[in-house]
Amino acid sequence: MTQRERFLETMRCGQVDRPPLWEEGAREETLAVWRKQGLQKGAVLPDLFLFDRREMVEVNLNPLPAFRHNDRAGGLARLRACYQPGALKRFPADWKHRVAEWSHRDYPLGMAVSRGLFQSLGVEDWGTLAKVLFALSDEAAEVEATMERVTDLALWALERVLREVALDFAIISEPIASFHAPVISPKHYRRFALPYHRRLVERLRMARVEGIIVETYGQVEALMPLWLEIGINTLWCHHAQRAGMDYVRLRRRYGKGLRLIGGIDATAPLKGKAAIDEALMNTAAPLLEQGGYLPMLDDRVRPNVPYENYRYYRVRLEKLVSGE
């Protein structure tokens, strides 16, 4: 199977030669440590292990110009003015060249269509989070007007992309939770986020985009029914194990209507080979039997993970997905 066929059939919970092997990879500081531990100089991980290729359509949906909350009045109104369309600014200069290359690709192509509720409203740190949380109560109409503008921009960009490219997946990024719970209630999320995500999902489903993914962090179980309600079909949760987001339990609860990406404890390679085997057997093995699952660590690998442990994890994972 091609990498694209493998991804699409996995999203359909169909028959595959093996599931896609995605990974967030390792940053340069991690690779520098590993080179001292035996990693060949100049070697890159996709040359050493089995990695499936994926690409993202790069459209800038950030505020332009860059926006920061301050003590001036009318912050959300000023933010809305930064969410204007503009093809020359928001699409890459070599867009036509990229479209031509994608027309004959054999790997999946995706697009990030939303930065989520809080990032769209300008949250960058605890201080700006507090400002926005107060705004949900004190400036509810302004919040709704801003989310409407954000969504209009995303749909404008999405329409142009879909005219020229067949997307295989789309990502709604939603960093909205601690390791304990979302920072707002499902009731507030239903009001301030769900209608706008729904508009995006409806357009994606019209275009028959196979994987509609919410990429999130932490303990988000309270929001899961809302995402499934509007047609999001895939969960990609970072720090899942630390937050108690047990993928096997989630699959039992929601069935194959919920596809899953990740979920393997990223602290296991730090702990050693026995912990790696346990993480793979407890999470990856049962989900691989069911399908609709892309196995990968639930966080980027850190510099304190020994290279030998990471190598062992990758070899064991590749054997597991090939049925060895």
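Q: What makes Glu-23 buried or exposed here?
A: In this predicted model, Glu-23 comes out at 9% relative accessibility. The cut-off for buried is under 20%, so Glu-23 counts as buried. As for its place in the chain, Glu-23 sits in the loop between α1 (3–11) and α2 (28–35).

Q: How do you know that the side chains of Glu-23 and Tyr-313 are joined by a polar contact?
A: Their distance is 3.0 Å, and a polar contact needs N or O atoms within 3.5 Å, so the pair qualifies. The side chain of Glu-23 also has a polar atom 3.2 Å from the backbone nitrogen of Leu-297.

Q: Which residues does Glu-23 touch, not counting those up to four places away in sequence?
A: That list runs Phe-51, Arg-54, Met-296, Leu-297, Tyr-310, Tyr-313 and Arg-314.

Q: Where does Glu-23 stand in the lining of the largest pocket?
A: Glu-23 is one of the residues nearest the pocket centre, along with Glu-24, Arg-54, Met-56 and Trp-236. The lining has 22 residues, and the pocket volume is about 540 Å³.

Q: What is the lining of the largest pocket made of, by class and by element?
A: By class, there are 10 nonpolar, 4 polar and 8 charged residues. At least two residues each come from α3 (45–48), β1 (55–57), β3 (169–174), β4 (211–217) and β5 (234–238).

Q: Why can the buried residues of α13 be said to line one face of the helix?
A: The buried ones are Tyr-247, Val-248, Leu-250, Arg-251 and Tyr-254, in a helix that spans residues 247–254. Looking down the axis of α13, they fall within an arc of 160 degrees, so they line one face. An α-helix has 3.6 residues a turn, so residues three or four places apart point the same way.

Q: What is on the face of α13 turned away from the buried side, and what does the buried side pack against?
A: The face turned away carries Arg-252 and Arg-253, both exposed. The buried residues pack against α12 (224–230), β5, β6 (259–261), α15 (273–290) and β7 (293–294).

Q: What makes Asp-246 a cap for α13?
A: A side-chain oxygen of Asp-246 lies 2.9 Å from the backbone nitrogen of Val-248, at the N-terminal end of the helix. After α13 comes Gly-255, with a positive phi near 70 degrees.

Q: How do you know that the peptide bond joining Leu-64 and Pro-65 is cis or trans?
A: Omega is about 0 degrees, and the bond is cis. Pro-65 belongs to the loop between β1 and α4 (75–80).

Q: What makes Phe-118 buried or exposed?
A: Its relative accessible area is 4%, and the limit for buried is under 20%, so Phe-118 is buried. Phe-118 lies in helix α7 (residues 117–120). Beyond its neighbours within four places in sequence, its contacts include Val-123, Leu-129, Val-132, Glu-174 and Ile-184.

Q: How many cavities of 30 Å³ or more does a search of the whole structure find, and what lines the largest?
A: The search finds 2. The largest has a volume of about 110 Å³, and 14 residues line it, with Val-113, Ser-114, Arg-115, Ser-120 and Val-150 closest to its centre. The largest share of that lining, 4 residues, is from α9.

Q: What classes of residue line the second largest cavity?
A: There are 7 nonpolar residues, 1 polar and no charged. Among the lining residues are Val-214, Met-224, Trp-227 and Thr-234. Most is given by α12, with 3 residues, and the volume is about 30 Å³.

Methods. Residues numbered from 1 in each chain as written. Predicted model: local features only at pLDDT ≥ 70, side-chain atom pairs only at ≥ 80, totals over all residues. Heavy atoms only, no water. 1 Å grid on protein atoms, 1.4 Å probe; cavity = no way out; pocket = protein on both sides within 12 Å on 5 of 7 lines; lining within 4 Å. Points joined across faces, edges and corners; volume = space filled by probe spheres on them. Nonpolar A, V, L, I, M, F, W, Y, C, P; charged D, E, K, R; others polar. Buried < 20%, exposed > 50% of the residue type's maximum accessible area, 1.4 Å probe, protein only. Arc of directions from axis to C-beta. Contact = heavy atoms within 4.5 Å. Polar contact = N/O pair within 3.5 Å; in protein donor to acceptor, adjacent residues only side chain to side chain.
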